[in-house]
Amino acid sequence: MTWIDAALVLTVAALVGLAAERRLMGLLVGLGGLVALRPLLVLGALNPWLAVVAALLVGLALALLGRHVLQLARVPGTFARVAGGAGGLLLGAALTLALVTSLPVQRNPVEPALIYYPPRDLPPVVQQAVAGSAAVAVGRDVLLHPLLMAQGAVPEGRAALYGALHRWLVVDEPWQLPPGS
């Protein structure tokens, strides 16, 4: 575990705590965020700034919808907090996976078919942390799932899960993009 893993765990914990505090609205925002994540990733591949604006608008719409719809719901406090925390956990885990699959792929200049993930040209303190990160290792397996399947190098029992996560989180196959894209 490196400082990157700790930061990712803290991010998920913060989302769980915030969503639990917001109760059923936290559940609604968490589930809505899961549904919106794939379209936002596709939009982000086309235009990152437009995706940021769209994400802010989706978040605002979910919060307003939750405030309006859930004012009528009378759910016991403990159940509502647990449900909100579950929504935060799902959204936090999804955002963490999206983050660890989004590092750039680096190609070997001598042998372009050879790729590195995470890239090897990061600043030294970051490079050391991502090289030892368990979360980045999972992100690597999800991102490169088709290549790993072709080599028979997918961790045992995780092929279906990593394949589904790859289809959900990875918009393009970055190893097929032209250099400099």
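1. Arg140 pairs with Asp141 in a salt bridge, with the closest N and O atoms 2.9 Å apart. A salt bridge here is a side-chain nitrogen of Lys or Arg within 4 Å of a carboxyl oxygen of Asp or Glu. Arg140 is partly exposed at 31% relative accessibility, whereas Asp141 is buried at 13%. (Buried means under 20% relative accessible area, exposed over 50%, partly exposed in between, with a 1.4 Å probe and protein chains only.)

2. This is a predicted model: local features need pLDDT of at least 70, side-chain atom pairs count only at pLDDT 80 or more, and totals for chains, interfaces and linings use all residues. Residues are numbered from 1 along each chain as its sequence is written, and side-chain values use heavy atoms, leaving out hydrogens and water.

3. The whole structure holds 2 salt bridges. Arg81 forms one with Glu21, the closest N and O atoms being 3.4 Å apart. Arg81 sits in helix H4 and Glu21 in helix H1, so the pair ties together parts 60 residues apart in sequence. Helices are DSSP runs (H or I, at least four residues), numbered from the N terminus. Arg81 is partly exposed, with a relative accessible area of 33%.

4. The axes of H6 and H8 come within 8 Å and cross at roughly 80°. H6 is therefore roughly perpendicular to H8. (Axes are lines fitted to C-alpha atoms, for helices over the stretch in contact, with angles from 0 to 180 degrees between N-to-C directions; 65 to 115 degrees counts as roughly perpendicular.) H6 brings Val138, Asp141, Val142 and Leu143 to the contact, and H8 brings Tyr162, Leu165 and His166. Contact means heavy atoms within 4.5 Å.

5. The largest nonpolar core has 24 residues. Such a core is a set of buried Ala, Val, Leu, Ile, Met, Phe, Trp, Tyr and Cys residues joined through side-chain atoms within 4.5 Å. Ile4, Leu143, Leu144, Leu165 and Leu169 have the most contacts inside this core. Helices giving two or more residues to the core include H1 (3–22), H4 (77–100) and H8 (159–169). H4 gives the most, with 4 residues.

6. Leu169 touches Leu37, Arg38, Leu41, Ala94, Leu97, Ala98 and Thr101, leaving aside residues up to four places away in sequence.

7. Asp5 belongs to helix H1. Asp5 is buried, at 6% relative accessible area. Asp5 and Ser133 are 128 residues apart in sequence, yet 6.0 Å apart in space, C-alpha to C-alpha. Beyond its neighbours within four places in sequence, Asp5 contacts Gly132, Ser133, Ala134 and Ala135.

Technical notes
Parallel < 35°, antiparallel > 145°, perpendicular 65-115°, else oblique.
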